[in-house]
Amino acid sequence: NEQIRSRGRKNFSLAHEIAHSCFVDRDGAQYYARTRLRDRYYRDAESRSLERLCDIGASELIMPRDWFCAALDRRGLAAASIPELARDFDVSLEAAALRTVEVSQTPCAVVFVERREEAPRAPAQFPLRGAQARIRRVFAPELLRVGLRTGSRVAEESILHRAIGGPGACEGVERFPVGGRSIALRVSGCGDPSTDGGRSPTVGIAILTPD
């Protein structure tokens, strides 16, 4: 698949296809022949379950639980650890984030925030003025699904917004709405160094844990 350029994504995709060998393809078709027919992978609940099982198998092949837990203990449960874990296991940031949520002994959510520039262009000393921060991806257990939705805007005063304000890490406690109440979560944030473009990151990473 020439559309996959990231080495980490390629590694995970290869592991995913290897995991398919553990399951019977009910259609008797070869999966590599379907690269342009993605809808066939997810056409019904059984197909979607199979793809999810292969993702789980890929995670265990390329990021074995015991090894990943040891690396997470060594790195620490913080936003800045996600890029390091991705490098440790040669996977994408998203794969490292999902595995962190799956194996962490402390319940946690990982949120990716992206900055979308808007005219007029902001002065360099105020990198977030004239820009919108929006949720790009959320990995969270049921316990920590606190109303953060893909595409939703992030308030400027939020620590999630500050995560893309510069290369340094930020941390604090923030309240998030859940139904008719709110809960306090500890937020660790940092910019994704691979998206800094020589100025400041365009993507931020945040880890949310119970305070």
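This is a predicted model: local features need pLDDT of at least 70, side-chain atom pairs count only at pLDDT 80 or more; totals for chains, interfaces and linings use all residues.
**Entry 1: D211 and R186**

Next I checked cover. D211 counts as exposed because its relative accessibility is 57%, and the cut-off for exposed is over 50%. R186 has 32%, so I list R186 as partly exposed.

**Entry 2: E102 and R99**

I turned to helix α5 (residues 93-103), which holds both E102 and R99. The two are three residues apart, about one turn of the helix. They form a salt bridge, and I noted 3.1 Å between the closest N and O atoms.

Is R99 buried or exposed? I found R99 at 4% relative accessibility, so R99 counts as buried. The cut-off for buried is under 20%. E102 has 28% and is therefore partly exposed.

I then asked which residues are linked with this pair in a network of salt bridges. The network joins R52, E60, R99 and E102.

**Entry 3: E84 and R75**

I looked up E84 next. The side chain of E84 meets that of R75 in a salt bridge, 3.6 Å from N to O. Both partners came out as partly exposed. For E84 the relative accessible area is 26%, so E84 goes down as partly exposed. R75 has 33% relative accessibility and therefore gets the label partly exposed.

**Entry 4: The whole count**

How many salt bridges does a search of the whole structure find? I noted 10.

**Entry 5: A nonpolar patch**

I left the charges and looked at the surface. F23, L53 and I56 form a nonpolar patch there. Together they have about 240 Å² of accessible area.

I followed up one member, L53. Where is L53 placed? I found L53 in helix α2 (residues 45-62). The relative accessibility of L53 is 42%, so L53 is partly exposed.

Methods
Residues are numbered from 1 along each chain as its sequence is written. Side-chain values use heavy atoms; hydrogens and water are left out. Patches are made of residues with over 30% relative accessible area and no salt bridge: like charges are joined within 9 Å, nonpolar side chains (Val, Leu, Ile, Met, Phe, Trp, Tyr) within 5 Å. Accessible areas come from the Shrake-Rupley method with a 1.4 Å probe; for residues, only the protein chains shown count as cover. A salt bridge is a side-chain nitrogen of Lys or Arg within 4 Å of a carboxyl oxygen of Asp or Glu. Helices (H or I, at least four residues) and strands (E, at least two) are DSSP runs, numbered from the N terminus. Buried means under 20% relative accessible area, exposed over 50%, partly exposed in between (1.4 Å probe, protein chains only).
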